[in-house]
Amino acid sequence: MSYHRKFWAAALFMLASACASSGISTGESPGSRNVITAEEIRRGSPGTALDVVRALRPSWLVKRGPQSVSYEADIVVYLGRARMGGISALSELASGNITSMEFLTPAAANYRFGAGHPHGAIVVSTADPGVR
């Protein structure tokens, strides 16, 4: 085989390998990176909702998107449908009472709760039926 054929054969093989699925399962279902389940919370150590997020989904705490000196927005935390405030509100919630937590992108948060979520939102659900 000529040098050029070997080169293109190797390039084609590498491209096909890069595009193919590895077949390795991470154990996460689609969309689970945006949800923390009660089972995941129970497996962790007790603490606050903030401790849970820091341990399981630290990327939720990273602000993305535009920021302005005149408008310093935060990721908004909701307990059910009630707005609690910024990320620090997670430290007020004991993890033992939480049934799930969900991260909403800015678009999803604005759709569900209205404008004012440039960095998204974290929705906390508890066993209390009035809070979901």
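Let's call a residue buried when its relative accessible area is under 20%, exposed when it is over 50%, and partly exposed in between (1.4 Å probe, protein chains only). Helices (H or I, at least four residues) and strands (E, at least two) are DSSP runs, numbered from the N terminus. What you have here is a predicted model, where local features need pLDDT of at least 70 and side-chain atom pairs count only at pLDDT 80 or more, while totals for chains, interfaces and linings use all residues. Residues are numbered from 1 along each chain as its sequence is written, and side-chain values use heavy atoms, with hydrogens and water left out.

Start with helix α3, residues 49–56, whose buried residues are A49, L50, V52 and V53. Looking down the axis of α3, these buried residues fall within an arc of 160°, so they line one face of the helix; the arc is taken from the directions that run from the helix axis to the C-beta atoms. An α-helix has 3.6 residues a turn, so residues three or four places apart point the same way. On the face of α3 turned away from the buried side sit the exposed residues R54 and A55. As for partners, the buried residues of α3 pack against β1 (35–37), α2 (38–43) and β4 (98–104), with contact meaning heavy atoms within 4.5 Å.

Now for the aromatics. Rings of Phe, Tyr and Trp (its six-membered ring) pair if their centres lie within 6.5 Å; planes under 30 degrees apart count as stacked, over 60 as edge-to-face and the rest as tilted. That rule gives two aromatic pairs. In one of them, Y78 and F113 have ring centres 3.6 Å apart and planes at 5°, so the pair is stacked. Y78 belongs to strand β2 (residues 76–79) and F113 to helix α4 (residues 106–113), so the pair ties together parts that are 35 residues apart in sequence. Y78 is buried at 3% relative accessible area, whereas F113 is partly exposed at 22%.

Over in strand β5 (residues 121–126) you'll find S125, which counts as buried at 15% relative accessibility. Setting aside neighbours within four places in sequence, S125 touches N97, I98, T99 and S100.

Another serine to look at is S32, in the loop between α1 (3–19) and β1. S32 is buried too, with a relative accessible area of 14%. From S32 to F103 the C-alpha to C-alpha distance is 9.9 Å, though the two are 71 residues apart in sequence.
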